[in-house]
Amino acid sequence: MKKELIKRELNLEETKDGILIFEKKEFFHVIEKVKENFPYLSFITACHFPERKEFEIIYCVRNLEEPEILLLKTKMSEKEKIPSAYKYYKGADWMEREIYDLFGIEFENHPDLRRIVLPTDWEGHPLRKDYPINKAPEKYDYRKREVLRREF
């Protein structure tokens, strides 16, 4: 299995649920090696831990020939940026934009890092766990709009 090869060559720690952990400072080295063996990016996601003031970024890549899935995870503080995976996986483009929009995580060297889900004038990043639930800008708050009813 290529996962074991990656784990051994890069000396990565593995969680109980099979996710390989890498240090953010090793990003390029890890992603280059992973790309050689897992050429398809399935998804990127993030998780916010406000009590630790950090994020976890999770990458899911696939090798369709074998078929095998590899999950990778790294941690970063709320104030840091993380390199973009776009150079290695073109599919990272919109996934990183979505993470930027909803979590506020900035990806260095991303070709077009701007909001993709929410309006450009939206304040904050609603998937952060410290985002107030009732903070939607008034013009986007459906609770303050008149409800239109159709007669059937």
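How many helices and how many strands does the secondary structure of the protein chain comprise? In this predicted model, in which local features need pLDDT of at least 70 and side-chain atom pairs count only at pLDDT 80 or more, whereas totals for chains, interfaces and linings use all residues, the protein chain contains three helices and seven strands, where helices (H or I, at least four residues) and strands (E, at least two) are DSSP runs numbered from the N terminus. Residues are numbered from 1 along each chain as its sequence is written, and side-chain values use heavy atoms, with hydrogens and water left out.

Along the sequence, the elements of the protein chain follow the pattern α-β-β-α-β-β-β-β-α-β. The C-alpha atoms occupy a box of roughly 60 × 40 × 35 Å along the principal axes. The accessible surface of the chain, computed by the Shrake-Rupley method with a 1.4 Å probe, comes to about 10,100 Å², and 49% of this surface belongs to carbon and sulfur atoms. Of the 152 residues in the chain, 40% are buried, where buried means under 20% relative accessible area, exposed means over 50%, and partly exposed lies in between (1.4 Å probe, protein chains only). Among contacts (heavy atoms within 4.5 Å) between residues at least 6 apart in sequence, 47% join residues at least 24 apart.

Five of the strands form an open sheet in the order 1-2-5-4-3, with mixed pairing; two strands are taken to pair if DSSP finds at least two bridges between them. The edge strands, each pairing on one side only, are strand 1 (13–14) and strand 3. Strand 1 pairs with strand 2 (residues 20–21) in the antiparallel sense over two bridges, and Glu13 has Ile21 of strand 2 as its bridge partner. Strand 2 in turn runs parallel to strand 5, to which two bridges join it, and here Leu20 has Leu72 of strand 5 as its bridge partner. Strand 5 also pairs with strand 4, in the antiparallel sense and over 10 bridges, including the one in which Ser77 of strand 5 is the partner of Glu54; these two strands form a hairpin with four residues between them.

In soluble globular proteins, nonpolar side chains tend to be buried together. When neighbours within four places in sequence are left aside, Leu72 is in contact with Leu12, Ile19, Leu20, Phe22, Val30, Val34, Ile57, Ile58 and Tyr59.

Lys53 is found in the loop between strand 3 and strand 4 and counts as exposed because its relative accessibility is 54%. Asn109 lies in the segment after strand 7 (107–108) and is likewise exposed, with a relative accessible area of 73%.
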